[in-house]
Protein chains: 2
Amino acid sequence: MIKQEQEKLRVVGKSSPRITGALEASGLAEYITDIKIPGMLYAKILTSINCPYAHARIKRIDASKAEKLPGVVCVVTHKDVPRVAYSSKALPAAGVYDEYILDDKVRFKGDKVAAVAAVDEDTAEEALELIDVEYEELPAVFDPEEAMKPGAPKIHEAKDQNITIRVRNEWGDIEKGFREADYIFEGRYETSIQAHCAMEPHGCLANYNKITGDITIWSTTQIPFQVLRVVSEVLGIKMSKIRVIKTFTGGGFGGKDEILVEPLCAFLSVKTGRPVKLILTRKEVFVGTRTRHPAVIYLKTGVKKDGTLTARYVKAILNGGAYAGATPGVVGAMSTREIGLYRCENVKFEGFGVYTNTPVAAAFRGYGNPQHNFAVDTHMDEIAEKLGMDPLEFKLKNTIREGDINRGTGIKLESCGLQECMRKGAERIGWAKKRSSASNQKGTRRRGIGMACFMHNSNVYPYGSECSSALVKVNDDGTATAHFGAADMGQGSSTTLAKIAAEELGMSLENINIVTGDTASVPYDPGSYGSRTTFMMGNAVREAARDAKMQIIARASKILNVDPGKLFLENGEIKVRGKDKRISISEVVKRTLYSTKEGGVIVGKSSYSPPSNAPYFGAQFAEVEVDTETGQVDVLRVVAAHDVGKAINPMAVEGQLEGMVSMGMGFALIEEMLLDKSGSTLNADFLDYKLPRARDMPAVDTIIVERREPSGPFGAKGVGEGGVAVTAPAVVNAIYNAIGIRMKKLPVTQDRLLKAIKGGN
Amino acid sequence: MIKQEQEKLRVVGKSSPRITGALEASGLAEYITDIKIPGMLYAKILTSINCPYAHARIKRIDASKAEKLPGVVCVVTHKDVPRVAYSSKALPAAGVYDEYILDDKVRFKGDKVAAVAAVDEDTAEEALELIDVEYEELPAVFDPEEAMKPGAPKIHEAKDQNITIRVRNEWGDIEKGFREADYIFEGRYETSIQAHCAMEPHGCLANYNKITGDITIWSTTQIPFQVLRVVSEVLGIKMSKIRVIKTFTGGGFGGKDEILVEPLCAFLSVKTGRPVKLILTRKEVFVGTRTRHPAVIYLKTGVKKDGTLTARYVKAILNGGAYAGATPGVVGAMSTREIGLYRCENVKFEGFGVYTNTPVAAAFRGYGNPQHNFAVDTHMDEIAEKLGMDPLEFKLKNTIREGDINRGTGIKLESCGLQECMRKGAERIGWAKKRSSASNQKGTRRRGIGMACFMHNSNVYPYGSECSSALVKVNDDGTATAHFGAADMGQGSSTTLAKIAAEELGMSLENINIVTGDTASVPYDPGSYGSRTTFMMGNAVREAARDAKMQIIARASKILNVDPGKLFLENGEIKVRGKDKRISISEVVKRTLYSTKEGGVIVGKSSYSPPSNAPYFGAQFAEVEVDTETGQVDVLRVVAAHDVGKAINPMAVEGQLEGMVSMGMGFALIEEMLLDKSGSTLNADFLDYKLPRARDMPAVDTIIVERREPSGPFGAKGVGEGGVAVTAPAVVNAIYNAIGIRMKKLPVTQDRLLKAIKGGN
């Protein structure tokens, strides 16, 4: 395997446009809104968004008027649906089963109350207004620290407390560590509710066949097999009767990594015996789906004069909103990544996922890193300053290195290019020179630079389940088809995986076809989340392709009468090492597929489990200009230097890096879902919820560092999440560098910064 | 394996309704006519059915008027299509590449001339009338014996002769054999053009995506992977870009075992960039698709006084019509089956497939057997009479037996229940008593009984390619999904295969889901023909299920800490032999699918090649009443005793037996496509082409003989073809028994028989 990797790569490592790009760009890709089935009904959900209470019991609900509206086929309330609890979290492990298709309570403003299926959308919407609901107010709580206190209003009656998870991770002796410290630093950090803002809203189309009991579900999901499992559990339909098809998807970012619309939509189809389509409105996506967890993080760090960390205590409180969803996963993940990024012998992490009467927070690109990273990397900046050290030097001294055990997980790092990222990034942005010139500025527009580091995992080993599977079929014209369950949400993973198959099979990318996203056509895969696709499915596709390749080689060996060890695949041919003897793949397949003795289909198969979570790393450097009169922050330039192991498709890696900078900048400066005191979301649309736009983007320099991961496919690790976590601390550290004001709450909006400047910090 | 088979079977051997039955019966099954895609065009073919010449060159063709008709999107003639020849035959081996999407010649009345794609069917039909064609007459030949002669008009210029295939199969010394004979018998036998008469006409829907170059083809085909291959070859599209989906199919009988409509339909979709649907009319199905080969068979048999056969010479001439299609296969198959049925030391077979200017004959249930069997089994009846022997006794003395080498193929019979079929059938119909009473009849309504035997193969080994593949996935609720390419055309093979998977996995039939007929979702399989599905795909599905089972057992062994050899699957559980220890399949999958260490998807895989063609056998007995004044024959009763190895689904086997009797009766008495002297088909519709209907059916007694085939899945062999070959000779022998008139030409229509009676014969 290693031998081959040392040979020249022909497809991997070269930039390729997305294999589905032309289809997407031409408007011919079929998204869920494009799919229509004869007899299809349209569903709409009545939510509690206009209910005066964030927390209430449904005292009475009367759908009779709605049911009588011509064109309405069915109206369902909590009285009609199966009383089966489920968890919207991707994997069953540590899932909290606190959701129902519809419940007799509403737990936040925007919770589901009833649903209508009608012949068109207008009728369905009209019917919603005819549903008569009487609520009984229950006491509400919005602040997670309040919600954790004994005596706080109980949001889920079956739970003792409003705590969905409590995670503790510690090593060494924290008390001893603090005793050994020369200095102790403490800080409280706070982050906002960020919305995923995928361009495509969540949607589902369910088609139940009342004769056979089969159901087909088209969905925008990142996790088709989990949709299958949850629909099976909630509706009591056998898994073998359910087929889930992931359609072309307009972005996920973790927001489609939970089971949100499918159980309700499938239930409506079962009840009506007709196809039912449910597409959420933008407002419903903002309020009713999922957000990033707003977090409060307390840090306490002991440090020696020379910059050695002696102790660290972290307390993280994550507001998960009204349902648990992925909160246990996010808190758990938080406890294993940033916590291990900087070497420290004595560490204690305590994390809490908390129920409140706010919209639900769950999986979101970065999965806990952006919050934790913001706290840790600005805290480190502060410590460096107090120690009189350059923050880059301070971090270079303390970051984890290749060969270290990641104390957060107990796993040894087989590859780590973080120091290289830091050094290359610093050089590119001109760190030393710009740092030193910052203090001499005058006037109202001041520049500064800052930086931050991250570590993220390429899969969820060893905490969740980790296994990916693929099949690779070889056709008799020498082309191949790879079948896998990984969902491409727009990030280009299908292209990456096709490239891996092409490389392993010695074929051109054009000769690889993919079948994906259809549970009837691919083997089980948990889904696309946790930065796992390139690493996990990449390994699975590579192993399946290798299995197919070995079958081709075995047959070619007989035909050519050459030892299989001497054969290799290149450019569609099986060649003999060191000789000019060859046969095309097509010829081998044709000769053996149709003959009885040599016969057989070539299907390569794999089921891959990893030996490691293969962390990937990166450092970002930001240069900002702050207007001290207005509080306006312009990000002038970001250098993103990321160690991705091996860039299978450099063009796609660059795209990920730029996208993460954009999302990280939004998190740093402007993005925030605002709630009023009653729990109502104030800015659930793109007019009022601000995102960075093209004109807001700084110049982004991407530096791809390739520190080969031995367990990765062609050395590759993950790429698409960690970077979103470092733009904010880099920007905030740069603001401090520019104007000497340390912001501990995100986003650093113009008014918040101006207030800090005016308040004299 | 054998050990397990000796255990109690729970699913196999019990009758089950078709798993798709409710869907089909309710009208909710989606046939090709039901599928509509936005923007879809409708195609129609201009044929030469109204051309005055059966054989002509297209001198001039002008589509300009048709192209201008509003609603017409495209008109194509031979000038527009790729000049790539293909064979419509299922497998590439021995294929004659003599067909084009459209050619500049017409070779029979009904040949393709041009095609139109338009916005609706009416417009497309109207456009056909606007295509202006000028033909140049070429000399035509309709009689195969004439067509074989030197100097006959050449139908395909590239061929030396009008002979598509010449097959010779011989053993022993035929001259010596005839010298040793006490008597020599000779006869000439002739059969008609029988039409398949599947209720659903042939159809195709092709959807080419001009952006990606992918094409999806829905088809009524029996051979999805061959459609994929031929479309790839003819249109130059990579196999990985083509997906073929077999829709629910309303009967095939071999008529959908050739590539007929797909290349043209796919080409129209490529040309227009839009989805195009082409459904043939009933008339086009009769004239323009395929028929059974009308055959002339010469037999010469040497026999000793004691009934020992000493020599046999067979000369078979099959009229294949204007294109070769499966003719080489049919003539080849003929040379290996009936020729081996009766023991004879000196045999010579010569078979000819011949081009004429008539509609094309090709694959049809029985595949050469019905013609050959009619000749041989009425010839044997004649010999018995001349020898003064009872024909049953004569045949019992001479039929091949278990352990014999089938001289036709050189393969040893591992199982043969033919003698049992003959004895049980004779007993059931009361052979001895009824034979003896036939000669004492008076009056104009006379009764008689006759019988005939057959041998048919369960696959095409060793002549064609033989290999079938399947995948079996196990879901975490303990259900399973079997993926296989075998096409269910209505015969119920999907149910049979699901039962095999259920039995092997110790699951109930309800817990098995199937994915089939979609080349994107199943591994390669050549298709459904040659009685191969139960045997070949049954073995493949069983092996894939066993592979999955072994994975389940390995995991259960670790969990239960019990040696894997002691474990077996039953009722959804893994049980320990002799102990009350168990765990459910669901539990094992759940525990191991989601955990890292034990992890992995359970996908069982197989690629099965057979050791034998595993012939299956049967004998049919017919009792008839002949009205000597009118020539009317009433078939009163048929006893069909068939050795199927093991009836996986007895209900389906009985259905096959009854269906074959019906088709065989039609072949015996009424079915015949009639051509006039110019080559025009006279009865290309259900008003004029007569089929047996329910009221024509005799009482059918089915006797299932189960002589276990060691290489068959649970002992099963094929079932669905051989029986269609024996009803005709049984009926014709019964007519002779009733009135002493021996008919040598099929069908024995009322007027033909009356003429024979009047002629005094």
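**Interface.** I started with the contact between the chains: 48 residues come from chain A and 48 residues from chain B, where two residues touch if their C-beta atoms, placed from the backbone, lie within 7 Å.

**Ground rules.** This is a predicted model, so I note that local features need pLDDT of at least 70 and side-chain atom pairs pLDDT 80 or more, while totals for chains, interfaces and linings use all residues. Residues are numbered from 1 along each chain as its sequence is written, and chains are lettered from A and ligands numbered from 1 in the order in which they are written.

**Symmetry.** How is chain A laid on chain B? A turn of 180° and a shift of 0.1 Å along the axis do it, with an RMSD of 0.1 Å; I superposed by least squares on C-alpha atoms of residues with pLDDT of at least 70 in both copies. The two copies are thus related as by a two-fold rotation axis. S521(A) comes closest to that axis of the residues of chain A, at 2.3 Å (C-alpha). Since 100% of the interface residues of chain A are also interface residues in chain B, the copies meet through the same surface.
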